[in-house]
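Good morning, and thank you for joining this group meeting. Please take a moment to look at the chain on the screen before we go through it together.

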Amino acid sequence: MPALLTPVKSKLFIVAHRRTWGLLDGEYASVFRGRSLDYDDLREYVIGDEVRDIDWKATARHGSPLVKRWIASRTQTLLFVVDTGRGMAAQTTSGEPKSAVAITLVGMLGYLGLRHGDLVGLVEGDSEATHGYAAQGREGHLERLLRVIQAHTTLASPKSRIRDQLEYVGTHYRQRLLLVIVADEHELAEADVNLVRRLHAQHEILWVTVEDADPTAAGHGNSAVDVGEDVVLAPEVRFDARLHDAYATAVEARRKALESTLEGLGIVHVRVGSTDKVLGTMFRMLERQRRRGR
């Protein structure tokens, strides 16, 4: 069986020249800046210390400024939370399976994490089952995770329900993680928002939505199937101008609602609809997370 990580790395090396690699490395490292440290003890403030390191409660008790001293952690854990329901087996805007976009993103960002000595793990599933895979620091393990995503994302899979995978994370993981959620187009109910808020209080979260193809657009054959609901759209329906306008309006409203919700929670959210656009999207996501962490 052909390796999945090899073509991902090839795409990464071909597109990302030396300067881009340096920028990517810097953006990735900056996501954990100030977060890759564990608290050690307190000491007297000296000129040049970061003001944000001052422990104000301890300072008030002591009567003079005290700063927190940190020790570096050796590794961080990058946990991908991937929707492998049948919605992710459908086409994205480029005509590729959404799962191909998910595999490319997990492969690229996971490989970048391994280069930094971090551990990479996976939680994936659908509305009927969720599975977790322990974080490791080897390329062979990342290859296995990519194969799991590929094997579990089929048109015969149960429906997507990212809430179940997020609940799994909340139940099974106690240490601080960088969560990268890779999901189908989803609407978040109030219970989902509360769940994400609780997770974000403990973890860093990056959210990637893999875009739906427009079933009312030309160029995708004479018929279309909504794989999530298993509904066939006949040509006379999918090419109706009124349906096209209504669909576009509904999609835009749903996307704005998700963007507004995640922005309100302080979570960086990006959208991608092609394997060729994964690298640029990944860079923008890390850059936005770095700026948010300032």
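Predicted model: local features only at pLDDT ≥ 70, side-chain atom pairs only at ≥ 80, totals over all residues.

Where does aspartate 55 lie? Aspartate 55 is found in the loop between strand S1 (37–44) and H3; here helices (H or I, at least four residues) and strands (E, at least two) are DSSP runs, numbered from the N terminus. Residues are numbered from 1 along each chain as its sequence is written, and side-chain values use heavy atoms, with hydrogens and water left out.

Is aspartate 55 buried or exposed? Aspartate 55 counts as buried because its relative accessibility is 17%; buried means under 20% relative accessible area, exposed over 50%, and partly exposed in between (1.4 Å probe, protein chains only). A polar atom of its side chain lies 3.3 Å from the backbone nitrogen of lysine 57. Not counting residues up to four places away in sequence, aspartate 55 touches Leu42, Leu66, Val67 and Lys68, where contact means heavy atoms within 4.5 Å.

Tryptophan 56 lies in helix H3 (residues 56–62). At 57% relative accessibility, tryptophan 56 counts as exposed.

Let us now consider the whole chain. The secondary structure comprises ten helices and ten strands. Of the 294 residues, 46% count as buried.

We turn next to the interior. In soluble globular proteins, nonpolar side chains tend to be buried together. A nonpolar core is a set of buried Ala, Val, Leu, Ile, Met, Phe, Trp, Tyr and Cys residues joined through side-chain atoms within 4.5 Å. The largest one here has 44 residues, of which Phe80, Leu109, Val180 and Leu286 touch the most other members. Helix H4 (residues 98–115) gives the most to this core, with ten residues. Leaving aside neighbours within four places in sequence, leucine 109 is in contact with Tyr28, Leu78, Phe80, Val180, Met282, Met285 and Leu286. A second, separate core of 23 residues includes Val81, Ile162, Leu179 and Val196.

In helix H6 (residues 162–172), the buried residues include Ile162, Asp164 and Tyr168. Among the elements covering the buried residues of H6 are strand S3 (77–83), strand S6 (178–183) and helix H7 (190–202).

Histidine 186 sits in the loop between S6 and H7. This residue is buried, with a relative accessible area of 13%. Leaving aside neighbours within four places in sequence, histidine 186 is in contact with Asp83, Ser160, Ile162 and Leu258.

How many salt bridges does a search of the whole structure find? The search finds eleven salt bridges, each being a side-chain nitrogen of Lys or Arg within 4 Å of a carboxyl oxygen of Asp or Glu. Arginine 254 and aspartate 212 form one of them (3.6 Å, N to O). Arginine 254 lies in helix H9 (residues 241–264) and aspartate 212 in the loop between S7 and strand S8 (224–226), so the pair ties together parts that are 42 residues apart in sequence. Both residues belong to a network of salt bridges linking Lys98, Asp184, Asp212 and Arg254.

By contrast, arginine 147 and glutamate 143 meet in a salt bridge (3.1 Å, N to O) within helix H5 (residues 139–152), where they are separated by about one helical turn because they are four residues apart.

Conventions. Polar contact = N/O pair within 3.5 Å; in protein donor to acceptor, adjacent residues only side chain to side chain.
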